[in-house]
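Welcome! Take a look at the sequence and the model below, and then we can walk through some of its side-chain pairs and its helix packing together.

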Amino acid sequence: MKARIPVKLKREAMAEINRLADREYQKVKDKEIADATRRIFKTIVFALHKDFGFGRDRCAKALKSMTEIVEHSDTDEVFWEHIDRVVIDKLKLEFDRRDYTDNGKVVNFEGDEENEEV
């Protein structure tokens, strides 16, 4: 039988532990998002090179443009709605339309079980 001695921490100490844990989790999450974005950009640049003959300079220009465009996504409330208008409505590419009314976060779209009305 294993004995366990419960540790009683003050509320302030628990709050600080939770704050530090949240900060470390956010660092890991941000790194994973940055890595996924980097991989997507590399895939797009590769496709531009392979399928359309883009050289180093044109790929670098496309990468710079994509990076600048994505940087606006955090500060522009209607950024993703505008992107959807151009990509879905104007270019007629098949992407799911999303509702971005919560400052760029997906609020509701078909197929999202968490956001479906009960």
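## Salt bridges

This predicted model holds 8 salt bridges. One of them joins Asp-89 to Arg-97, with the closest N and O atoms 2.4 Å apart. Asp-89 is partly exposed, at a relative accessible area of 34%, and Arg-97 is partly exposed too, at 45%.

Salt bridges with shared partners also link Asp-35, Arg-38 and Arg-39 into one network. Within it, the side chains of Arg-38 and Asp-35 meet at 2.3 Å, N to O.

## Pairs along helix H1

Where do Arg-38 and Asp-35 sit relative to each other? Both belong to helix H1, 3 residues apart, so about one helical turn separates them. Arg-38 counts as partly exposed at 39% relative accessibility, and Asp-35 does so at 25%.

Helix H1 also holds Glu-16 and Arg-19, again 3 residues apart, or about one turn of the helix. These two form a salt bridge whose closest N and O atoms are 2.6 Å apart. Glu-16 has a relative accessible area of 35%, making it partly exposed, while Arg-19 is partly exposed at 42%.

## How H1 meets H2

Helix H1 spans residues 11-52 and helix H2 spans residues 56-71; the two pack at an angle of about 145°, with axes 10 Å apart. Their crossing is right-handed.

On the H1 side, the contact is made by Phe-41, Ile-44, Val-45, Leu-48 and His-49. H2 contributes Cys-59, Ala-62, Leu-63, Met-66, Thr-67 and Val-70. By class, that gives 9 nonpolar residues, 2 polar ones and no charged ones.

Technical notes:
Residues numbered from 1 in each chain as written. Predicted model: local features only at pLDDT ≥ 70, side-chain atom pairs only at ≥ 80, totals over all residues. Heavy atoms only, no water. Axes fitted to C-alpha atoms, helices over the stretch in contact; angles between N-to-C directions. Helix = DSSP H or I, 4+ residues; strand = E, 2+ residues; numbered from the N terminus. Left-handed = near helix turned anticlockwise from the far one by under 90°. Contact = heavy atoms within 4.5 Å. Nonpolar A, V, L, I, M, F, W, Y, C, P; charged D, E, K, R; others polar. Salt bridge = Lys/Arg side-chain N within 4 Å of Asp/Glu carboxyl O. Buried < 20%, exposed > 50% of the residue type's maximum accessible area, 1.4 Å probe, protein only.
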